[in-house]
Amino acid sequence: MDVKAELIKRYFRLSDLASRDNQACREIITLFADNAVVKGANGMIAATPTEITTFFENFFQDNQSLRHLCQVVITDGVYQAEWAVAGCKRNGKLFAFHGFDTYEFDQNNKITFLQVEIRQ
């Protein structure tokens, strides 16, 4: 599989660890370019390195346990990950979602754009 697809898979593996492992959260942040934009499923947009760091720190504080399954699909050079996740919120509430992430990369294989979409 290509480098970008492997990077997406790494992103999901780290996401399963980041709620309990600050190093995994920091590693996720390093996957993003300095000019990256993240559009969360909740409508939040993070467009600076500080905003992206805050976005992920808050996400992993709120989601205390996550288990992802993902499949990377490349269509006409567009990278998407179809995913399913089950987890537990900080308040103890369990959840499960299905969705799609769309990615763009720079020449250094850093993520420049991530859009998260939850679908039913």
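**Helix packing, sheet and pockets in a predicted model**

Mentor: In this predicted model, helix H1 lies across strands S1 (32-39), S3, S4, S5 and S6. The direction of H1 is at about 170 degrees to that of S3.

Trainee: In what order do the strands form the sheet?

Mentor: The order is S2-S1-S6-S5-S4-S3, in an open sheet of 6 strands with mixed pairing.

Trainee: And which are the edge strands?

Mentor: They are S2 (45-46) and S3, each of which pairs on one side only.

Trainee: How many bridges join S4 to S5?

Mentor: There are 10 bridges between S4 and S5, and the two strands run antiparallel. As one example, Gly87 has Phe95 in S5 as its bridge partner.

Trainee: Turning to the helices, at what angle do H2 and H3 pack?

Mentor: The angle is about 145 degrees, and the axes of H2 and H3 are 10 Å apart. Their crossing is right-handed.

Trainee: Which residues make that contact?

Mentor: H2 contributes Cys25, Ile28 and Ile29, while H3 contributes Thr53, Phe56, Glu57 and Phe60. By class, the contact of H2 with H3 has 5 nonpolar, 1 polar and 1 charged residues.

Trainee: How does the lining of the largest pocket divide by class?

Mentor: It has 15 nonpolar, 6 polar and 3 charged residues.

Trainee: What about the second largest pocket, what is its volume?

Mentor: The second largest pocket has a volume of about 160 Å³. Its lining consists of Ala18, Ser19, Asn22, Cys25, Arg26, Glu57, Phe60, Gln61 and Gln64. The elements that give two or more residues to this lining are H2 (22-30) and H3.

Trainee: And how do those lining residues divide by class?

Mentor: In the second largest pocket, the lining has 3 nonpolar, 4 polar and 2 charged residues. Cys25, Glu57 and Phe60 belong to this lining, and they are also among the residues that make the contact between H2 and H3.

Notes: Residues numbered from 1 in each chain as written. Predicted model: local features only at pLDDT ≥ 70, side-chain atom pairs only at ≥ 80, totals over all residues. Heavy atoms only, no water. Nonpolar A, V, L, I, M, F, W, Y, C, P; charged D, E, K, R; others polar. 1 Å grid on protein atoms, 1.4 Å probe; cavity = no way out; pocket = protein on both sides within 12 Å on 5 of 7 lines; lining within 4 Å. Points joined across faces, edges and corners; volume = space filled by probe spheres on them. Helix = DSSP H or I, 4+ residues; strand = E, 2+ residues; numbered from the N terminus. Axes fitted to C-alpha atoms, helices over the stretch in contact; angles between N-to-C directions. Left-handed = near helix turned anticlockwise from the far one by under 90°. Contact = heavy atoms within 4.5 Å. Pairing = 2+ DSSP bridges.
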